[in-house]
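Please look at the sequence and the model below before reading on.

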Amino acid sequence: MDYETIRKPPVNAHAVRPNLDDYAGTRSAFDYERVIDGLDGLPGGGLNIAHESLDRHVAAGSGDKTCVLWEGKDGRSETYTYADMAKLSNQFANVLRNLGVEKGSRVFVFMDRTPELYAAAFGTLKAGCIIGPLFSAFGPDAIRDRLENSEAAVLVTTPQLKEKVYEVRDDLPALKHLIIADHDASPEVADGELSWNALMADASDEFEIVATDPEDPAVMHYTSGTTGKPKGAVHVHKAVLGHYATGRFALDLHPEDIYWCTADPGWVTGTSYGMFAPFTNGVTSVIYEGGFSARAWYEVIEKYKVTVWYTAPTAIRMLMKAGDDVVKRHDLSTLRFIMSVGEPLNPEAVVWSEETLGLPFHDNWWQTETGSIMIANYAAQDIKPGSMGRPLPGIEPGIIDEEGNVVAPGEEGDLAVRPGWPSMFRTYWKNEELYDSKFRNGWYITGDRARMDEDGYYWFVGRSDDVINTAGHLVGPFEVESALMEHPAVAEAGVIGKPDEVAMEVVKAFVSLKEGYEPTPELRQELTRFARGKLGPGVAPREIDFIDSLPKTRSGKIMRRLLKARELGLEEGDTSTLEDD
Ligand code: AMP
């Protein structure tokens with residue numbers, strides 16, 4: 001079904017003039033190198049994301065402005081000014097210096113969204129180290145894969161989460177310092193652990209940022225591919241130009257905004273748009289420690305008078321399911337601009353929000369590797385529900401064929417982007433070969449399939465690989481298959497994404513058993529528990545089916561495409577490479 005274009009009135013109800021009100025003019029005149037004019041650069045030369053996010057505002061006399069409105073899981077509120085955040089991060093930078101942690105070292109955080117997480121992230125950047133955030137829902141295997149590959153020297157975690165780290169600590173010889181932070185109390189620390197509170201108490205709140213070059217690595221996010229373990233996409237300090245510019249153009253941030261990004265920093269949206277874009281633009285951010293609940297979320301918007309809100313399709317679909325009555329019980333009239341990312345946003349969701357909240361969700365597209373938003377629906381532009389929108393100033397995407405030639409409007413192809421924007425990833429950590437394989441004929445290949453229409457709007461078609469998108473998070477089937485294979489009963493495992501109304505896809509595993517094991521409901525439960533324990537609930541399979549043998553190519557590769565076609569009752573397609581039974 002076609003949905004009508006949502007036309008934008010010349011002046012919106014909130015009378016805020018959109019930053020990008022001359023799309024064509026801005027795009028044609030735009031030069032990313034000049035974005036630095038709106039930022040600072042380090043006083044002694046160089047560029048550092050933390051300086052642009054925090055210290056710049058303090059130096060300009062805005063230190064008293066509220067940076068973070070924090071709401072804990074228990075409903076407690078705390079306010080942090082830009083000066084507070086600058087000081088806390090200075091302290092953590094001093095902690096790293098006092099520990100002798102060198103520039104370029106990897107510092108990871110494995111914790112919930114408490115103020116300590118943010119202080120650690122910015123302190124790490126100030127010390128010239130690389131910050132790697134992990135989801136607090138990760139299981140021990142997921143933690144090990146990332147810390148092992150990155151050879152992280154420091155991990156900040158909490159008393160509640162540290163046990164998961166201990167399960168794999170022997171595999172992590174590079175991990176020198178385990179810092180335990182507790183927002184509520186000074187934690188008890190065991191031998192071999194350091195107390196956040198004690199370290200911070202001994203650290204000065206003044207720090208001269210380590211001179212970082214624009215091309216020095218700053219942030220690492222692990223992302224999943226079809227094969228192998230997750231890879232660490234590396235971003236540099238220069239990425240801040242992208243965070244700042246897209247904060248203005250795509251998020252339409254204005255100084256008086258109260259902005260809420262619901263993403264966790266374990267996902268790139270939670271760093272680029274949960275920290276760097278809003279902080280560099282000097283707005284006030286709400287940081288909500290709690291998880292999803294329709295009532296709690298609407299309460300956050302009402303209580304903090306949120307004006308700009310950035311969330312994800314799975315959450316929006318859950319809000320739709322929760323019904324309109326709960327919306328009506330809250331005053332959400334402060335909202336003026338709302339956005340979504342991470343999965344295709346159904347046109348119904350755009351229409352629902354227009355009708356129920358009085359505002360359409362603006363879908364936008366980007367990924368871990370691109371570091372910032374590439375394609376977006378804008379505050380000043382008409383929305384075609386179901387489309388991801390049009391390219392940002394400074395960004396040249398294209399729909400290309402196998403040879404790397406641009407196809408005609410309306411035709412499907414690989415979604416690619418011309419390299420060279422500041423927040424593009426610079427490598428996969430210790431995997432240059434894989435990085436190189438992502439380029440074709442002068443294009444960066446995103447792994448997505450899409451179309452562009454005659455008006456230059458982009459439409460998502462699907463992934464070109466087997467990567468699963470569950471509730472906006474990419475899961476590599478190989479990671480899940482490997483974990484299942486570690487169970488003594490499992491001979492082989494094949495993992496696919498099964499379409500789901502709410503989460504877009506759920507992880508589904510097909511398992512063949514070793515001789516002597518019976519496919520019982522108890523074993524299924526046991527395997528589910530086993531995988532959850534290793535990977536965490538977001539990554540482990542939601543469904544497990546037993547199967548005598550998995551379809552494989554003659555070279556022995558599991559044909560996930562075939563598993564999926566069979567699961568969905570679709571045509572099996574080309575099976576000429578299928579191994580004979
Ligand atoms: P990640 O790197 O984990 O942020 O995942 C990026 C992937 O999520 C993209 O390559 C797409 O497959 C998907 N994705 C992100 N945003 C959108 C969107 N607006 N519409 C459709 N798919 C999206």
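A polar contact is a pair of N or O atoms within 3.5 Å. The model to which this is applied here is a predicted one.

For Trp 267, a polar side-chain atom lies 2.9 Å from an oxygen atom of the ligand. The ligand, taken alone, exposes 500 Å², and the protein buries 97% of that area.

Which elements give two or more residues to the shell around the ligand? They are strand E14, residues 361–365, and strand E22, residues 458–463. E14 supplies the largest share, with three residues. There are 17 residues around the ligand, and those that come nearest are Asp 363, Asn 364, Gln 367, Thr 368 and Asp 448. Sorted by class, the shell is made up of eight nonpolar, five polar and four charged residues.

The remaining part concerns helix H9. This helix covers residues 268–280. Why is H9 described as largely enclosed by the rest of the structure? Because 13 of its 13 residues are buried, where buried means under 20% relative accessible area. Just after H9, Gly 282 adopts a positive phi, at about 70°.

How values were computed
Residues are numbered from 1 along each chain as its sequence is written. This is a predicted model: local features need pLDDT of at least 70, side-chain atom pairs count only at pLDDT 80 or more; totals for chains, interfaces and linings use all residues. Side-chain values use heavy atoms; hydrogens and water are left out. Buried means under 20% relative accessible area, exposed over 50%, partly exposed in between (1.4 Å probe, protein chains only). Helices (H or I, at least four residues) and strands (E, at least two) are DSSP runs, numbered from the N terminus. A residue is near a molecule or strand if one of its heavy atoms lies within 4 Å of it. A polar contact is a pair of N or O atoms within 3.5 Å; within protein, one must be able to donate a hydrogen and the other to accept it, and residues adjacent in sequence count only if both atoms are side-chain atoms. Accessible areas come from the Shrake-Rupley method with a 1.4 Å probe; for residues, only the protein chains shown count as cover. Ala, Val, Leu, Ile, Met, Phe, Trp, Tyr, Cys and Pro count as nonpolar, Asp, Glu, Lys and Arg as charged, and the others, Gly among them, as polar.
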